[in-house]
Amino acid sequence: MNITVIYGGKSGEHEISLISAAAIVRGISKENNVNLIGITKKGRWYLQDKTEYERIIKDKSAALQIMENEKNLVTVVPAGKNECFVVNGKAVNTDIVFPALHGTYGEDGTIQGLFEMADIPYVGCTHLSSAITMDKEKTKMIWQSVGLPVVPYVCLKRSITMDSTVYDSAIEEIEKELGYPLFVKPCCAGSSNGANKAANKRELSYALMEAFTWDDKVLIEKAINAREIECSVTGNSVTTPYEDEIEDVVAYIPGEIAPSHTFYDFDAKYNDPDGAKLLIPAELTENDIEKIRKTARAAYKVLDATGLARVDFFIDKDSDEVYLNEINTLPGFTTISMFPKMCEAAGLAFEDLIDLLIKEGLARYQSKTKLSTSR
C-alpha cells in the first residue's frame, strides 16, 4: 500500500507536527511504501526525498524536517484519486493520506475538504466534524444541546473590542456571571496556544489581548478546581456496521494529567519533561472510568467524529462533577502523548493503532463511494 504522510503546516503547532509525524512514520508497517509531504509555515507543499524517510527510521529520536526543493513542489489535482498529488509532472501514487497535522489548516477541516475534492481516502475526521470540533464554542453548543455537561462559559468576538463601552459592559457581565478565576483561550487554536488563567480584571485584559492574537473569537470559562482526565476514542460514528471490529466506536482506558505548572499549558505539554505527570489509568473508581468512557463515546458520536479523537474532561475536586472540556481530532502522537499511551494501556499497541486508523480511513472512503452524487 502507498501511504502519504503529510506534516508540518501553517500552524502554531508546526514543530509538534514534525515530532508526531516522525512517530507515525515509524509506526507504519514496513510492508508499505511511505511518501512524505512536508508543508512549510508559509503553506507550501514539498515532497521529501526518500532519504528523509530512511533517516527517521534509523534515528528513533529524530523529528522530521522539510526540505524546500522547488523541483519537489506539490500540486493537487481535483478528483485525481490515487494520482491527486503531482510533482514535476509525475504523480505520487497514493492509496491513503495520513495527515499528521495539528491546529489551523490541519485539523480544522480545510485540508480534509481538499482531500474530499481530490477524492482520496484519508485518516481522521471529515471536513465537517473537523471544522466543528476545532471551534470550542460550537462544540460546547452541540454538547449542551444533547444534555452533555460543559463548564460555564462566555464567548467574545473581536467586534466587541471595537467599542470600549460595549467591551466594558461585557467584562462586567462576565465577572458577575462567572467570577474569578477564569480561563481564557482562543476558540480555534490548539496545544494551549494563547491560553491563560486570569485572577482579576487586569489579568483578564492581558489574557484577552493574547488570545485575540490567535483568533477572532475567544472563549472565557469559569476556572474550577479540577482534575484533568483524557480519553482516547477511535471508530467511524456515522458508518459503523453492526459489530464491525474496524469501524466500531471504542473509548479506551482514561488517563489523568497532573500538571506541575499553573495549568497544562504549551510548555508543560511539549517543552518541560517534568511539566506534568501522566497517570494511566487515571486514579478513578470503576464506575467513574465507565462514566468517562460512556460520555467520551457520546461526545464523539454527536459530533459525527470518525477515525480518532482525544476527549478531554474536568472532574471538579470539590463536587466530583464531571465536565467535558474539549475534543482534539488530531491529537499528538509524540513519545509522551496521551492518545497512543491510553490506547496502549487498553492493549492496542502503537503499530496496531496506526494500522487500525488506516483501515478505518479506507473503510469510510469505501462507504462514501456507494453514495449517489447525481441522477
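Colleague: Which helix gives the largest share of the lining of the largest pocket?

Modeller: Helix 4 does, with four residues; helices (H or I, at least four residues) and strands (E, at least two) are DSSP runs numbered from the N terminus. The model is predicted, so local features need pLDDT of at least 70 and side-chain atom pairs pLDDT 80 or more, whereas totals for chains, interfaces and linings use all residues. Residues are numbered from 1 along each chain as its sequence is written, and side-chain values use heavy atoms, without hydrogens and water.

Colleague: How is such a pocket read, and which residues lie nearest its centre?

Modeller: Rolling a probe the size of a water molecule over the atoms shows where empty space is left. A pocket is an open set of points on a 1 Å grid over the protein atoms alone, where a 1.4 Å probe fits, with protein on both sides within 12 Å along at least five of seven lines; lining residues have an atom within 4 Å of a point. Here 17 residues line the largest pocket, and T126, V238, T239, T306 and R364 lie nearest its centre. Helix 4 (127–134) and helix 11 (350–369) each contribute at least two residues to this lining.

Colleague: Is strand 1 largely enclosed by the rest of the structure or exposed, and why?

Modeller: Strand 1 (residues 2–8) is largely enclosed, because seven of its seven residues are buried (under 20% relative accessible area, 1.4 Å probe, protein chains only). N2, T4, I6 and G8 point one way from this strand, while I3, V5 and Y7 point the other way. Both groups are buried.

Colleague: Which strand is joined to strand 1 by seven bridges?

Modeller: Strands of a sheet pair through backbone hydrogen bonds, either parallel or antiparallel. Pairing is assigned if DSSP finds at least two bridges between two strands. Strand 2 (residues 33–39) is the one joined to strand 1 by seven bridges, and the two run parallel; I6 stands opposite I37 of strand 2. Strand 1 also pairs with strand 7 (residues 96–100), in the parallel sense over five bridges, where V5 has F98 as its bridge partner.

Definitions and conventions
Buried < 20%, exposed > 50% of the residue type's maximum accessible area, 1.4 Å probe, protein only.
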